Each structure stands twice: as C-alpha cells, then as structure tokens.
Amino acid sequence: MGIEEKINADVKASMLAKNAKRLEAVRAIKAAILLLKTSPEGLTEESASKAIQKEYKKRKETAEIYLLQNRADLAEDELSQALVMEEYLPKQLSEEELKTIIKNTIRELGATTSADMGKVMGAANKVIAGRADGKLVSQLVKELLG
C-alpha cells in the first residue's frame with residue numbers, strides 16, 4: 001500500500017472513529033500529498049516523506065511560538081497533530097547514530113575546521129535523508145568540527 005492509499009484509509013478511519021484531532025492532521029498530510037501530485041516533481045515516497053516532515057516541523061515550530069505566548073491550549077493542538085504526523089515519518093536516528101554518521105563523513109571528506117561545515121552537512125544529509133532534525137545535525141557537525 002502506497003502512502004496515498006494509506007492516508008486515504010486513515011482519513012476514512014478517523015472519520016468513522018469521530019476522532020477530529022487525528023482527522024485534522026491526516027487531512028493536512030493529504031493536502032500536502034495532493035499538492036505533490038500536481039507539482040512537476042510528482043509524488044514519490046521520498047517526496048511524500050519530505051512533505052510530511054515539513055508539515056511536522058511547521059506544527060512543532062508553531063507549538064513553540066504558542067508556548068512562548070502562554071497559549072498552552074493552542075500548543076497542545078499543534079503537538080497532537082505533530083504526534084499523528086510522526087507516525088508517517090521514517091524512524092528518527094538517535095543522537096549516537098547521528099554522531100557516528102557525521103564522524104564517518106568527516107573522516108571520508110578529511111574535514112578539519114569549521115570552514116568545512118558546508119561540505120560535511122551536504123554529505124551527511126545525503127546519508128541521513130530526513131531521519132533527523134536539521135538543527136540537531138548542524139549542532140553536532142559544529143560540535144565535532146570545533
């Protein structure tokens with residue numbers, strides 16, 4: 001079953017279960033996938049994963065803003081949607097797994113200074129492929145090069 005069929009089935013299941021919060025999150029994913037289908041890039045598993053990752057990140061960032069504004073009620077809605085979206089993302093790498101990948105990339109490229117950060121980030125992101133937050137990857141690269 002492809003991602004589109006899975007999303008459609010989950011929309012239907014959420015409607016039948018009358019789970020409004022889950023339905024809202026799954027519909028947001030469905031909207032992102034429909035946009036991908038009409039884009040020149042087209043719908044692939046990789047592009048769908050990137051779109052879901054983007055929607056997930058939006059929800060997390062919005063929740064942070066709401067928390068800063070003392071709006072825990074709105075932040076809770078965003079975080080519940082993010083949790084639903086997380087189910088559709090590839091398993092995230094642990095910090096130790098990330099460090100191992102980054103160390104190997106640094107060794108392969110022969111990077112020694114923070115000036116090599118761009119090269120390391122580019123090569124590491126190809127291996128990581130959406131299985132980790134970009135901020136964490138950047139932080140670890142800085143730490144390991146510095």
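One cavity of 30 Å³ or more is counted in this predicted model, where a cavity is a set of points, on a 1 Å grid over the protein atoms alone, at which a 1.4 Å probe fits but cannot get out. The largest cavity has a volume of about 30 Å³, a volume being the space filled by probe spheres set on the points, with grid points joined across faces, edges and corners. Its lining, meaning the residues with an atom within 4 Å of a point, consists of Glu-4, Ile-7, Asn-8, Lys-30, Ile-33 and Leu-34. Helix 1 (3-17) and helix 2 (20-38) each supply at least two residues of this lining, helices being DSSP runs of H or I with at least four residues, strands being runs of E with at least two, and both being numbered from the N terminus. By class the cavity lining has three nonpolar, one polar and two charged residues; here Ala, Val, Leu, Ile, Met, Phe, Trp, Tyr, Cys and Pro count as nonpolar, Asp, Glu, Lys and Arg as charged, and the others, Gly among them, as polar.

Some conventions apply throughout. Residues are numbered from 1 along each chain as its sequence is written, and side-chain values use heavy atoms, with hydrogens and water left out. Because the model is predicted, local features need pLDDT of at least 70 and side-chain atom pairs count only at pLDDT 80 or more, whereas totals for chains, interfaces and linings use all residues.

The chain as a whole has seven helices and zero strands, and its C-alpha atoms fill a box of roughly 55 × 40 × 25 Å, taken along the principal axes. Of its 146 residues, 36% count as buried, which here means under 20% relative accessible area, with exposed meaning over 50% and partly exposed in between, for a 1.4 Å probe and protein chains only. Among contacts (heavy atoms within 4.5 Å) between residues at least 6 apart in sequence, 59% join residues at least 24 apart.

Leaving out residues up to four places away in sequence, Ile-7 touches Val-26, Ile-29, Lys-30, Ile-33 and Tyr-88. The largest nonpolar core has 20 residues, of which Ile-3, Ile-7, Val-26, Ile-29, Ile-52, Met-85 and Tyr-88 touch the most other members; such a core is a set of buried Ala, Val, Leu, Ile, Met, Phe, Trp, Tyr and Cys residues joined through side-chain atoms within 4.5 Å. Two or more residues of this core come from each of helix 1, helix 2, helix 3 and helix 4 (72-86), and the largest share, eight residues, comes from helix 2. A second, separate core of 16 residues includes Leu-93, Val-120, Met-121 and Val-137. In soluble globular proteins, nonpolar side chains tend to be buried together.

Ala-82 lies in helix 4 and counts as buried because its relative accessibility is 2%. Apart from its neighbours within four places in sequence, Ala-82 is in contact with Tyr-56, Arg-59 and Lys-60, while its C-alpha atom is separated by 9.8 Å from that of Ile-52, 30 residues away along the chain. Ser-138, in helix 7, is buried because its relative accessible area is 19%, and, with neighbours within four places set aside, it is in contact with Met-117 and Met-121. Lys-99, in helix 5 (residues 95-109), is likewise buried, because its relative accessible area is 18%, and beyond four places in sequence it touches Leu-140, Glu-143 and Leu-144. Asn-125, in helix 6, counts as partly exposed because its relative accessibility is 36%.

The last feature is an open one. The largest pocket has a volume of about 690 Å³, a pocket being an open set of points with protein on both sides within 12 Å along at least five of seven lines. Of the 28 residues that line this pocket, Gln-53, Gly-130, Ala-132, Asp-133 and Gly-134 are the closest to its centre. The elements that give two or more residues to the pocket lining are helix 3 (45-68), helix 6 (117-128) and helix 7 (134-145), and helix 3 provides the largest share, 10 residues. By class, the lining of the largest pocket has 11 nonpolar, six polar and 11 charged residues.
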